[in-house]
Amino acid sequence: MLEVSIEKTLGNFTLQSSFTSGNGVLGILGSSGCGKSMTLKCVAGLYAPDKGTIRLNGKELFNTETKVNVLPRHRNIGYVFQNYALFPHLTVYKNIAYGVRHPDKTKRHELVTEMISKMQLGGHEKQYPSQLSGGQQQRVALARTLITEPELLLLDEPFSALDSHVKQILEKELLSVIKKNFHGIVLLVTHNIEEAYRLCDRILVFDRGKSVQIGEKQEIIRFPATISAARITGCKNFFEVKIIGEEDGFVRLNSEGICLRAVKNNTKLLPKMMAGIRAHDLKISSKSINEPNTFECRVIDKIEGIFSTTIIIYCQGKTLQAEIPNNDSFLLTVPIEQIQKLWLQIPEEKIFLMSSEQDHRYTSC
């Protein structure tokens, strides 16, 4: 178990990071400059927090009250940097061997050879980093880290330096390597929600230096706790709402004269809240829809993508974004000015409710 509760100020930026994580992959998700990498560096001992505690499997690594600050090399933490930080003048074999502290040369050679085999780097032992592909460099960096048998593995945006067309292949490789060869705690920093969802078991959302929400990845997507968490996970549609009633597992909402109905969940209800719905959950039709939360609307713009198109909709005084597959709608073939009456449905089971305040507290799950 990793337990972190720290504060660190650098210039005008203050990090307030508080979370716990067990075995598995915890994704630390947030925009650039929100404190994700700084959190890793504090955990690794590269930065000293101004105050707080860090514990790993019951061992105190940092504590301002007891003045404990274990040196990075004694924390038994593996760190794979964003640019891999391989030694350019050392071969693959020597880069991996650099992490081995075993005094017996024969045993050291066995460990390195075994790790090269595990990482499928056979035949590259005598090559230098500049002679390797991005994926091979990543595996060398991971091998150099895992050979030290760390209790905690830190991955700082491991795919940011790779071309998009090979990312998903390497993501799958990395996940397979980690699951086969490492059974401890993994923290993976990313600013990409899809990457976090594919690779991680749980997600911790950061915003402006603060922990916003932590939980199972499905829960973070389905029920973001704050507006910040919703935006970071890709939601684009929000309504200010008043709670006007509850009935049979549903909540009745009023948003500036628009009446909506939403499925009730465990979210604490307040008189005024924010409601959100994701663009891909909105439904648009040229025929009247006999469902709750259905309104007339008009399309005011289209933004074409490779696989889907974003439709900008004006509905009941609000501008919303819907996302539809490129092979799945008449809207994509008809010019905007020729589109007559349309109907928008906001599915009641897809609406989620949040506090209307920018609350940076999180719920641990």
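Let me start with Ser21, which is found in strand β2, residues 13-21, where a strand is a DSSP run of E of at least two residues, a helix is a run of H or I of at least four, and both are numbered from the N terminus. Residues are numbered from 1 along each chain as its sequence is written. Please keep in mind that this is a predicted model, in which local features need pLDDT of at least 70 and side-chain atom pairs count only at pLDDT 80 or more, while totals for chains, interfaces and linings use all residues, and that side-chain values use heavy atoms, with hydrogens and water left out.

Is Ser21 buried or exposed? Ser21 is buried, because its relative accessible area is 2%, and buried here means under 20%, exposed means over 50%, and partly exposed covers what lies in between, with a 1.4 Å probe and protein chains only. Leaving aside residues up to four places away in sequence, Ser21 touches Met1, Leu2, Leu26, Ile185, Leu187 and Arg202, a contact being heavy atoms within 4.5 Å. Lys167, by comparison, is 146 residues from Ser21 in sequence and 26 Å from it in space, C-alpha to C-alpha.

For the chain as a whole, there are 8 helices and 21 strands, and buried residues make up 48% of the 365 residues. Among contacts with a separation of 6 or more, 65% come from residues 24 or more positions apart. The C-alpha atoms fill a box of roughly 80 × 50 × 40 Å, taken along the principal axes.

Turning to helix α1, residues 36-44, we find that 7 of its 9 residues are buried, so this helix is largely enclosed by the rest of the structure. The buried ones are Lys36, Met38, Thr39, Leu40, Cys42, Val43 and Ala44, and after the helix comes Gly45, whose phi is positive, near 95 degrees.

My last topic is the aromatic rings. Rings of Phe, Tyr and Trp (its six-membered ring) pair if their centres lie within 6.5 Å, with planes under 30 degrees apart called stacked, over 60 edge-to-face and the rest tilted, and by this rule there are 2 aromatic pairs. One of them, Tyr79 with Phe81, is stacked, at 4.2 Å centre to centre and 10 degrees between the planes. Tyr79 counts as buried because its relative accessibility is 11%, whereas Phe81, at 29%, is partly exposed.
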